[in-house]
Amino acid sequence: MRTSRAAAAAASLPLLLLVALLVAAEGRRHKDGGGDEEAKACDKGWECSGSRFCCNDTITDYFKAYQFEELFAHRNDRSLAHAAGFWDYHAFITAAALFEPRGFGTTGGKEVGMKEVAAFLGHVGAKTSCGYSVATGGPLAWGLCYNHELSPSQSYCDNSNELYPCVEGVEYYGRGALPVYWNYNYGIIGQGIKQDLLNHPELLEQNATLAFEAAIWRWMTPMKRKQPSAHDVFVGNWKPTKNDTLSKRYPGFGATMNILYGDLICGQGSIDKMNVIVSHYQHYLDLMGVGSDKAGDNLDCADQVAFNPSSKNLDS
């Protein structure tokens, strides 16, 4: 996890949009559920209530522990990895199961599900990597190297936020699978996953399941009303408006970066911090047997206008 101020900014959510997150998430929960209210038991080994995804394959049907090990081959290498022994397949699957009834990894059949898992984990791998060009296995083999920011340059406390005020003595540096920064982000994500992250942000570096849960919640949750989530733009739930097409925003992996990082990565041309995320996604597709040739259209966001321009830029 890079300790630079730019990396921290890239992980933060725009402040002005935070109030809308939970409202959008709740609406999304009802929309994604669909179907009948009665619990629907299927022969897939899981139960879910009121979801049209109940009888689809779950992630464990097509993504096995050995594949997780291949994707994150060096995460437990104690010579370099800073979170050795922390991340594992069980933690990911346990967290993912909470979102499968909403379509995470269960939308559109096996191939779409595999691609979504590769896409989500591609972001995770890139954001928690300690890989470098001559590292063993190459620069893409070192995802999940971190679970928190090393040597943070600040406490990431925004005292102007009255909804999620800083707690005395608590620091809000980057933690988790998709690193969370700033008090207001810990507050809103904590509400989303029903954990008191505002008072206890350390939970994201103490509990791998919660760390994955916070990251998947962010993947599945629109940042603002009438906007898509990263899940939506990836699996085909979203149809661009005329304004979207004028802003060069189209469905695909590139738009997931737009939603998660905005203009801190997108709209800046072919920059390294964007390309490394795309490379992780493509590499994981190959390792999972899907193939990088199936990565889809609109892979990058080099020319996209941000859905939500950043309210804070730590480089300025």
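1. The largest nonpolar core holds 75 residues, of which F63, F92, F104, F120, L121 and F212 touch the most other members; such a core is a set of buried Ala, Val, Leu, Ile, Met, Phe, Trp, Tyr and Cys residues joined through side-chain atoms within 4.5 Å. Buried here means under 20% relative accessible area, with exposed set at over 50% and partly exposed in between, for a 1.4 Å probe and protein chains only. The greatest contribution to this core, 10 residues, is from helix 9 (residues 208–220).

2. The model is predicted, so that local features need pLDDT of at least 70 and side-chain atom pairs count only at pLDDT 80 or more, whereas totals for chains, interfaces and linings use all residues. Residues are numbered from 1 along each chain as its sequence is written, and side-chain values use heavy atoms, with hydrogens and water left out.

3. When neighbours within four places in sequence are set aside, F120 is in contact (heavy atoms within 4.5 Å) with F92, F104, L178, A215, I216 and W219. There is also a second, separate core of seven residues, among them C130, A135, W142 and Y146.

4. For the chain as a whole, 55% of the 316 residues count as buried, and there are 13 helices and two strands; these are DSSP runs numbered from the N terminus, helices being H or I of at least four residues and strands E of at least two. Among contacts with a separation of 6 or more, 68% are between residues 24 or more positions apart.

5. Helix 12 (residues 253–261) and helix 13 (residues 272–287) have axes that come within 11 Å and cross at roughly 130 degrees, the axes being lines fitted to C-alpha atoms over the stretch in contact and the angles running from 0 to 180 degrees between N-to-C directions. Helix 12 is therefore oblique to helix 13, given that angles under 35 degrees count as roughly parallel, over 145 as roughly antiparallel, 65 to 115 as roughly perpendicular and the rest as oblique. On the helix 12 side F253, M257 and Y261 meet M274, I277, V278 and Y281 of helix 13, and by class this contact has seven nonpolar, no polar and no charged residues.

6. The axes of helix 6 (residues 110–127) and helix 12 also come within 11 Å, but cross at roughly 55 degrees, which makes helix 6 oblique to helix 12. Helix 6 contributes A119, H123 and K127, and helix 12 contributes F253, T256, M257, L260 and Y261. These residues divide into five nonpolar, two polar and one charged, where Ala, Val, Leu, Ile, Met, Phe, Trp, Tyr, Cys and Pro count as nonpolar, Asp, Glu, Lys and Arg as charged, and the others, Gly among them, as polar.
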